[in-house]
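Here is my note on the two-chain model you asked about. Keep the picture open while you read, and look up each residue as it comes up.

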Amino acid sequence: MKIPAPETFEGQILALLPSLRRYSRSLTRSDADGEDLLQDCVEKVLTRRGQWRGLNLRGWVLTIMTNLYRNGRRGKTRDGLIELDAAEDMASSEPPADPLERARLDDALNSLSEEHRAVLMLVVIEGYTYGEVAAALDIPIGTVMSRLSRARRRIAERLKADNIITLRRPK
Amino acid sequence: MNETNPSVTEADLHAYADGQLPETARARIEAFLADNPDEAAMVAAWQAQNGAIRSMFAGYEQAKDTDPLLVVPPRAIPSGSKRWAIAAAALVVFALGAVSGHYGPALLEKPELQLAGDETLPKQAETAFAVYAAEVRHPVEVFADEEAHLATWLGKRLAIQHLKIPNLQPLGFKLVGGRLLPVDGRPGAMFMYENQAGERLTVLVGRNTDNRTTSFRFASSGNVETFYWIDGELGYAVTGEISRETLRKVAEECYKQFPS
C-alpha cells in the first residue's frame with residue numbers, strides 16, 4: 001500500500017482523518033454510520049479537490065462532511081442499536097464515564113434533529129465560534145443561536161426525564 | 001434584569017458557557033450569574049453537557065491502519081490517459097464505422113466491461129458465500145487441519161509467494177478451510193471461517209487485472225454484507241451474514257495480516 005507524502009493533498013487529508021473520525025462519529029448514531037460518513041466525505045473531498053481554494057483545508061472538509069450529514073443521513077441508520085461499542089476498547093486520556101450516564105447522553109443526542117446536532121457538535125467538538133458555524137452552514141447567526149439553544153434544552157429535558165424513570169425503577 | 005447588567009441575553013449565556021466571550025464581557029456575565037441562581041444553574045448544566053459530550057467522543061480521535069486506503073481516489077486511473085484512451089477508441093470506432101457500421105456498437109461496449117473489475121468483486125464474493133456457506137458437509141475443499149498445505153496450494157495457484165491465511169481467532173472466528181474458485185475468470189482463493197454460534201464468513205482473494213488500488217468499500221445484498229478492497233495486484237472481499245460492525249473488524253484484521 002502506498003502512503004501519500006505528507007505535503008500532497010491526499011497526505012494532508014490523511015493527517016486530518018483522526019479528528020475527522022471524531023467529528024463524524026459525534027454526528028452519527030453508531031460506529032458503522034460514523035465510518036460511513038467519514039468514507040463518503042473523503043470520497044467527495046477527493047473528487048472535489050479542484051474546488052478547494054488553498055486555505056483552511058480542515059474547515060472546508062468539515063463543511064462538506066456536515067452538509068453530507070444534513071442532506072442525506074436521515075433514515076440511513078441501519079445499526080441504531082450498536083452504540084459507542086468500539087469506544088469501550090479505545091484508548092482515552094480521560095477516565096471512562098459511568099456507562100449508564102453515557103447511554104443516557106447518547107440517547108439524548110440521538111433524539112436531536114440533524115440540523116440541531118450539527119450546530120451543537122461544531123461548537124462543542126470542533127470549537128467553532130458561532131460566526132464560524134453560521135458561515136460553514138450558510139445560515140444566519142440568529143439561527144445558529146436558536147438551534148444551539150433548542151439542542152441544549154432538549155438534551156437537558158431528556159436527561160431529566162430519564163432521571164425520573166431511573167428513580168422510580170428500583171421499587 | 002439586574003441594573004448593572006441591563007442586557008444579558010441568552011446568547012450571552014451560551015457564549016459564556018462555550019468560552020467565546022472576551023475577558024471583560026466574562027466579568028459582566030459572572031456578576032449577573034452571581035445574582036441569578038436559575039440562570040447560573042442552567043449555564044452550569046450546559047457546561048457539564050459540553051464536558052460529557054467531549055469526553056464521549058474523545059476516544060474516536062485516532063488513526064487506523066487502513067486510513068491510507070481511504071485517501072486513495074476512487075478511480076485511480078489518471079484522467080488524462082483515460083480521456084486519451086476514450087478518444088482513441090472513438091477514433092477507431094469512427095474509422096471502422098466508415099467501413100462497416102455493424103461493428104461500432106460492440107467496440108464501444110468493451111471499455112465499459114473492463115472498468116467493472118472492482119464492481120464485480122463484491123457480487124462474486126456474495127455468490128461464493130451464498131453457495132458455500134450453506135454447505136454443511138462440503139463447505140471447503142481443504143479443511144483447516146491441513147492449513148499449511150492449503151496456504152501453499154492456493155498461494156501457488158494465485159501466484160502469491162508466502163500466502164498467509166488470516167488468523168481471525170481474536171475476533172472469535174475459526175478457520176474452516178478453503179477452496180479454489182474462479183474470480184474474474186482467474187484462479188482465486190476462498191477461505192471460510194466460523195464462530196461458536198455457527199455463523200460463517202468468507203474471505204475471497206482474487207488477482208486484479210489492472211494494477212489499481214481502491215479504498216475500503218461496502219456492499220450489501222439482502223442480509224449479506226461485503227467489505228472489499230483492491231490493493232495493487234490483489235482484490236479482497238470479506239462477506240458474511242453478520243453485523244456490519246463485526247464484518248468491518250474482520251476486514252480490518254485481514255487487511256493488516258495480508259501482505260501489502
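The points below go from the chains, to the interface, to a few single residues.

1. Before anything else, a word on what you are looking at. This is a predicted model, where local features need pLDDT of at least 70, side-chain atom pairs count only at pLDDT 80 or more, and totals for chains, interfaces and linings use all residues. Residues are numbered from 1 along each chain as its sequence is written, chains are lettered from A and ligands numbered from 1 in the order in which they are written, and side-chain values use heavy atoms, with hydrogens and water left out.

2. Start with chain A. It has 7 helices and 0 strands, so its pattern along the sequence reads α-α-α-α-α-α-α; helices (H or I, at least four residues) and strands (E, at least two) are DSSP runs, numbered from the N terminus. Of its 171 residues, 51% are buried, where buried means under 20% relative accessible area, exposed means over 50%, and partly exposed is in between (1.4 Å probe, protein chains only). Now take the contacts (heavy atoms within 4.5 Å) in chain A with a separation of 6 or more: 68% of them join residues 24 or more positions apart.

3. Chain B brings in strands: there are 7, along with 9 helices. Buried residues make up 45% of its 260 residues. Among its contacts with a separation of 6 or more, 57% are between residues 24 or more positions apart.

4. How do the chains meet? On the chain A side 55 residues are in contact with 44 residues of chain B. Together the chains bury about 4,500 Å², 61% of it on carbon and sulfur atoms; buried area is the accessible area (1.4 Å probe) that two parts lose on being put together, summed over both.

5. One to find on screen is Arg22(A) with Glu61(B), whose closest N and O atoms are 3.0 Å apart.

6. Which elements of chain A give two or more residues to the side that touches chain B? They are α1 (9-27), α2 (31-47), α4 (99-110), α5 (114-124) and α7 (141-168). α2(A) gives the most, with 11 residues. By class, this side of chain A has 29 nonpolar, 7 polar and 19 charged residues. Here Ala, Val, Leu, Ile, Met, Phe, Trp, Tyr, Cys and Pro count as nonpolar, Asp, Glu, Lys and Arg as charged, and the others, Gly among them, as polar.

7. Have a look at α4(A) and what follows it. This helix has 12 residues and reaches 16 Å from its first C-alpha to its last, close to the 16 Å expected; the expected span is 1.5 Å times one less than the number of residues. Its buried residues include Leu105(A) and Ala108(A). Ser111(A) sits in the loop between α4 and α5 of chain A, and a polar atom of its side chain lies 2.7 Å from the backbone oxygen of Ala108(A). Not counting residues up to four places away in sequence, Ser111(A) touches Arg154(A) and Arg158(A).

8. Most residues other than glycine have a negative phi. Ala159(B), though, has a positive phi of about 55 degrees, and His162(B) has a positive phi near 50 degrees. Ala159(B) is in the loop between α8 (147-158) and β2 (174-183) of chain B, and His162(B) is found in the loop between α8 and β2 too. Ala159(B) is exposed, at 57% relative accessible area, and His162(B) is exposed at 72%.

9. Last, Cys254(B), in helix α9 (residues 244-257) of chain B. Is it buried or exposed? Cys254(B) counts as buried because its relative accessibility is 0%. Leaving aside neighbours within four places in sequence, its contacts include Pro166(B), Trp229(B) and Val238(B).

Technical notes
Salt bridge = Lys/Arg side-chain N within 4 Å of Asp/Glu carboxyl O. Polar contact = N/O pair within 3.5 Å; in protein donor to acceptor, adjacent residues only side chain to side chain.
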